[in-house]
Amino acid sequence: MQASAKRKRFVGAPRGCVVIRDMRWSFKVARIGGIEVRIHVTFLLLLAVFASFYGAQVKIVLFFVLVFLCVLLHELGHAFAAKAYGIRTVDITLLPIGGVARMERMPEKPAQELVVAIAGPLVNVVIASALFSVLAVTGNLDFSEVLDPTRFNALWALLYTNVMMVVFNLIPAFPLDGGRVLRALLATRLSYERATQIAATVGQALALLMGIWAFSKGPTSLALIAIFIYLGAESESSFVQMRHATSGIPVSSAMVTRFETLNSRATLDQAVDVLLGSSQHEFPVLDDNGGFAGLLTKHDLLVALRKAGPETPVSDVMLTGLPTLVPQMSLDHAFSKIKEANVTALPVVDNAGQLIGLFTTENVSELIMVQSALAKKSRRFRV
């Protein structure tokens, strides 16, 4: 099965715009080495900012394109380093605060994570070194160019941008590259979970300091970056802790066995009736033979209902290409699958390929809370 979910285009959606859960405002611009490259519309705000300062000049547009390429090369550095360890990168999305390479998984061997994390900044070091050499050879190595805000030298600006990318990304604030380097180094002495917790705490502490400084003296954009770092560190730490807590527990212990399904021939209007009669957020869609055909989420149902209309077939909206789970699979492995597919639920099938359960992050969270409550009760009785 494919690693990531494919989404059908909604009727009436803008041409070239694919609706996805986390990057709904991004669109595909290229495919490099099997990796889909996407750009978020807010990335174009950078061009507007530069244009407001320097005007809509050709060299400004060219500089923006070169920055785009530098960020892309940085992320490709991560992607190709991960590929050397057999880890596939699903896609790369470019944002105003940088790029995000979505990998199937992060390497848990400290040495491998160190290589993958450092590969991106090393690409910028190579680019900065090349630019410095060009400026030196052409006789344009004049540092006053950088200090004079009324002058704009594209090569100097690009050199400065790459240096700042290296400096910023190597800040030991998880989930930045520097934070991942810190976790990799800590993991050589500590457990992966403990190393993640420490790196995340350091990242959140630095994010708080950065946010306080930004709100008092610094630019507003720095406060947004601080929020991104804080939430990213919290998310990664929670994911690793949850995966560790569920290690060794089979999917059969957490899967939902009583759930509603939809037929692939059903319409969105019929799906709404099922939605209103249950508390589900994800609905497995079955083909005419009763086999799993796709997954319809509540979010996609409501969006498509507004854009495409109630008579639209479920098959036009459902997620396809999802990986399937088996009952004996461990929860930590299932979590990796669900993160890789970028969804909140996955189907569970038996040896014959028939749907027997639904694995959801919500149900697993409830299982962990129950286990935690039972553990606390057991400790009270032992005291």
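**Cores**

I started with the largest nonpolar core, which has 30 residues in this predicted model. I noted the ones with the most contacts inside it: Leu72, Ile92, Leu94, Met103, Leu158 and Leu159. The largest share, ten residues, comes from α2.

I then picked Leu158 and listed its contacts, skipping residues up to four places away in sequence: Leu158 touches Phe63, Leu66, Val67, Cys70 and Leu131. Apart from this core lies another one, of 27 residues, and I found Phe239, Ile249, Met329 and Leu358 among them.

**His74**

I went back to helix α2, residues 58-83, to look at His74. Is His74 buried or exposed? I got 2% relative accessibility, so His74 counts as buried. Leaving out residues up to four places away in sequence, I have His74 touching Gly120, Pro121, Val123, Asn124, Met165, Asn169 and Asp177.

**A surface patch**

On the surface I found a nonpolar patch made of Tyr160, Val163, Met164 and Val167, with about 350 Å² of accessible area together. I placed Val167 in helix α5, residues 154-169. Val167 counts as partly exposed because its relative accessibility is 48%.

**Helix α10**

Last, I checked α10, which covers residues 298-308, and noted Asp300, Leu301, Val303 and Ala304 as buried. An α-helix has 3.6 residues a turn, so residues three or four places apart point the same way. Just after α10 I came to Gly309, which takes a positive phi of about 100°.

Methods: Residues are numbered from 1 along each chain as its sequence is written. This is a predicted model: local features need pLDDT of at least 70, side-chain atom pairs count only at pLDDT 80 or more; totals for chains, interfaces and linings use all residues. Side-chain values use heavy atoms; hydrogens and water are left out. Buried means under 20% relative accessible area, exposed over 50%, partly exposed in between (1.4 Å probe, protein chains only). Helices (H or I, at least four residues) and strands (E, at least two) are DSSP runs, numbered from the N terminus. Contact means heavy atoms within 4.5 Å. Patches are made of residues with over 30% relative accessible area and no salt bridge: like charges are joined within 9 Å, nonpolar side chains (Val, Leu, Ile, Met, Phe, Trp, Tyr) within 5 Å. Accessible areas come from the Shrake-Rupley method with a 1.4 Å probe; for residues, only the protein chains shown count as cover. A salt bridge is a side-chain nitrogen of Lys or Arg within 4 Å of a carboxyl oxygen of Asp or Glu. A nonpolar core is a set of buried Ala, Val, Leu, Ile, Met, Phe, Trp, Tyr and Cys residues joined through side-chain atoms within 4.5 Å.
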